[in-house]
Amino acid sequence: MTREAGVKGQFYPKKCGEIQNYIQKWNHILDTKLKDPVLLKEYPRAVIVPHAGYIYSGFTANIAYRLLANSRAKRVIVIGPSHRVYIDGLSGSTQDLFDSPCGDLVIDTAYLAQLKKHFSIGFEAKAHNMEHSTEVQMPLIKHYLPQAKVIEFIYGKIDYKKLAKLIYTLLRDPDNVVVISTDLSHFYTLENAKKLDNICLNGILKKDISILDRGCEACGLLGVKAMLHVAKEAQMSVELLDYRTSADASGDENRVVGYVSAYLK
């Protein structure tokens, strides 16, 4: 069975060549304008990335995936919030393959079955069918870690500390890397968006969940909190990679969405 792509042609191109063109363009910008090329030699265990359309947030996400390629991970676990279907807890895709324009990714169902023995993980098929927060990550994973298997987790109402226990278990395996998917504030003016997003950025950088509670409006806030909880407990370092808003691409400063990428090691 295949987890069919539900937002292909909407959030990202249908054709592999068009995705490759995006990546080539983003990396050309990185290679010519990055002030600290040493950054691209880091070896992350986890990344925080956005999930909007590639035209808006692809550059921000791409930096994180370019670093993540250094890990040579055998398994990438993508964790994102459910946007269209209510989920009580955590849902993991049980299909065998994940549809992607540059080739299907193998879903590690055997590893998922092992996780289910220790964690409460359901399967809400409707939630997975159209969930863009996780799907938009797959073409980038296919490009940068083409041999890696994937697992897709979508969460709804859940205690972030329970999610943190899962992430901690995932990161105990050196073959794993974790992707936390989130956008930041939605549909404020540029000025107000930056004020709200700075709360998120500060909380991420300081690994301080209490700062996030002061007004961070990330749609994947629970995933971010869980990741930072693990980072603090495991003494992982956190570095911000990129921040921008939809206004950078659209020019519209009245209804802005914020995007951030970061890596943890």
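Author: Cys 200 and Cys 216 are joined in a disulfide, with 2.1 Å between their sulfur atoms. The model is a predicted one. The link of Cys 200 and Cys 216 is right-handed, with 105° about the S-S bond. This pair connects distant parts of the chain, 16 residues apart: Cys 200 belongs to helix H8 (residues 190–206), while Cys 216 lies in the loop between helix H9 (209–212) and helix H10 (221–233). Cys 200 counts as buried because its relative accessible area is 1%, under the cut-off of 20%. Cys 216 has a relative accessible area of 9% and is therefore buried.

A further cysteine, Cys 219, takes part in no disulfide. The cysteine sulfur nearest to that of Cys 219 belongs to Cys 216 and is 9.6 Å away. Cys 219 has a relative accessibility of 27% and so counts as partly exposed.

The structure holds two disulfides. The other one is formed by Cys 16 and Cys 102, whose sulfur atoms are 2.1 Å apart. This link too is right-handed, with 105° about the S-S bond between Cys 16 and Cys 102. The pair bridges distant parts of the chain, 86 residues apart. Cys 16 is in helix H1 (residues 16–33), and Cys 102 is in the loop between strand E5 (97–98) and strand E6 (105–106). Cys 16 is partly exposed because its relative accessibility is 26%, a value between the limits of 20% and 50%. Cys 102, with a relative accessible area of 24%, is therefore partly exposed as well.

With the bonded cysteines counted along the chain, the disulfides follow the pattern 1-2, 3-4. In terms of residues, one link joins Cys 16 to Cys 102, and the other joins Cys 200 to Cys 216.

How values were computed: Residues numbered from 1 in each chain as written. Predicted model: local features only at pLDDT ≥ 70, side-chain atom pairs only at ≥ 80, totals over all residues. Heavy atoms only, no water. Disulfide = S-S within 2.5 Å. Helix = DSSP H or I, 4+ residues; strand = E, 2+ residues; numbered from the N terminus. Buried < 20%, exposed > 50% of the residue type's maximum accessible area, 1.4 Å probe, protein only.
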